[in-house]
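I opened my notebook to look up how this chain folds. My entries follow in the order I made them.

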Amino acid sequence: MKKPLLLISFILMIVCAYTQNITGKKEVVNSSVIVKNDNAITDLPGFTSTQDAEKIVFSIMDVLGLEPNFKIKIANVPNVEADIRHRQRYILYNPEFITQVNLAAKDKWPAIFILAHEIGHHLNGHTVSGTNSRPGIELEADEFGGFGLCKMGATFEQAQLAMHIISNLQASKTHPGREDRLAAIAKGWNKAEAQIKGITYRADRTSQTGAEQN
Ligand SMILES: [Zn+2]
């Protein structure tokens, strides 16, 4: 990336510091983590355009039994944001960021997770209350992301893959550290899996295995 772009990104990060971003940064890390996508039980597209995103959002809301009344728009934002303008719920995204995520992931689920995370902000009321990004609400959105991805057929590893690419290891004022975010995704994924299997959800489960029938 060229330096002027970096500078612009930095300025944008400051300008957008009081919104609910998926991450506290613009760049994604080139990841060598590749998860074999052999559990794709849906015909979800990858997130490569606004139309794809609309289909993905429809699918996320469909598994929840809710109407997909979000508008998805390309915007001059550092990465992806949930916002409400004139009582309309928006998901705003930077296509360059999404392209980087898709290239780094070599898997469709991280970009889908990012959409699910933003929907999590809307459904948890973070955008209604105008709450700025802070670790607590980011974990709620991450948990919802893990929940939604499990419901759509992502594996546990696929649900967590986004965090290996976009998150910082260390916590910041706005975003939790990677381990906490992975744990939140695990919590959501396990909750959804328990619902699907009709077993009792145990909040202390943070791994893929170990579900207990009740
Ligand atoms: Zn967020």
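I started with contacts between residues at least 6 apart in sequence: 64% of them in the protein join residues at least 24 apart. Two residues are in contact if their C-beta atoms, placed from the backbone, lie within 7 Å.

I noted the ground rules next. This is a predicted model, where local features need pLDDT of at least 70, side-chain atom pairs count only at pLDDT 80 or more, and totals for chains, interfaces and linings use all residues. Residues are numbered from 1 along each chain as its sequence is written.

**Confidence**

I looked up pLDDT, the predictor's confidence in each residue, from 0 to 100. The protein averages 83, and 77% of the residues score at least 70. Over residues 10-18 pLDDT stays under 50, and the model has 8 contacts beyond four places in sequence for them. Residues 209-214 also stay under 50, with 9 such contacts beyond four places in sequence.

**Layout**

I found 7 helices and 4 strands in the protein. Helices (H or I, at least four residues) and strands (E, at least two) are DSSP runs, numbered from the N terminus. Along the sequence the pattern reads α-β-α-β-β-β-α-α-α-α-α. Of the 214 residues, 43% are buried. A residue is buried if 20 or more other C-beta atoms lie within 10 Å of its own, exposed if 12 or fewer, and partly exposed in between; C-beta atoms are placed from the backbone.

**H4 and H5**

How do H4 and H5 cross? I read that the axes of H4 (residues 109-123) and H5 (residues 135-152) come within 7 Å and cross at roughly 125 degrees. Axes are lines fitted to C-alpha atoms, for helices over the stretch in contact, and angles run from 0 to 180 degrees between N-to-C directions. H4 and H5 are therefore oblique to each other. Angles under 35 degrees count as roughly parallel, over 145 as roughly antiparallel, 65 to 115 as roughly perpendicular and the rest as oblique. The residues that meet include Trp109, Phe113 and Leu123 in H4, and Ile137, Phe144 and Leu149 in H5. The residues of this contact divide into 9 nonpolar, 5 polar and 2 charged. Ala, Val, Leu, Ile, Met, Phe, Trp, Tyr, Cys and Pro count as nonpolar, Asp, Glu, Lys and Arg as charged, and the others, Gly among them, as polar.

**H2 and H5**

I turned to H2 (residues 50-64), whose axis comes within 10 Å of that of H5 and crosses at roughly 90 degrees. That makes H2 roughly perpendicular to H5. Ser59, Ile60 and Val63 of H2 make the contact with Gly148, Lys151 and Met152 of H5.

**H3 and H6**

H3 (residues 95-105) and H6 pack at about 110 degrees, with axes 10 Å apart. H3 is thus roughly perpendicular to H6. Val101, Ala104 and Ala105 of H3 touch Leu161, Ile165 and Ile166 of H6. I counted this contact as 6 nonpolar, no polar and no charged.

I then checked His164, in H6 (residues 156-166). Its C-alpha atom is 9.1 Å from that of Ala105, 59 residues apart along the chain. His164 is partly exposed, because 19 other C-beta atoms lie within 10 Å.

**Two loop residues**

Arg87 sits in the loop between E3 (80-85) and E4 (88-93). Arg87 has a positive phi of about 65 degrees although it is not a glycine. Arg87 is exposed, because 6 other C-beta atoms lie within 10 Å.
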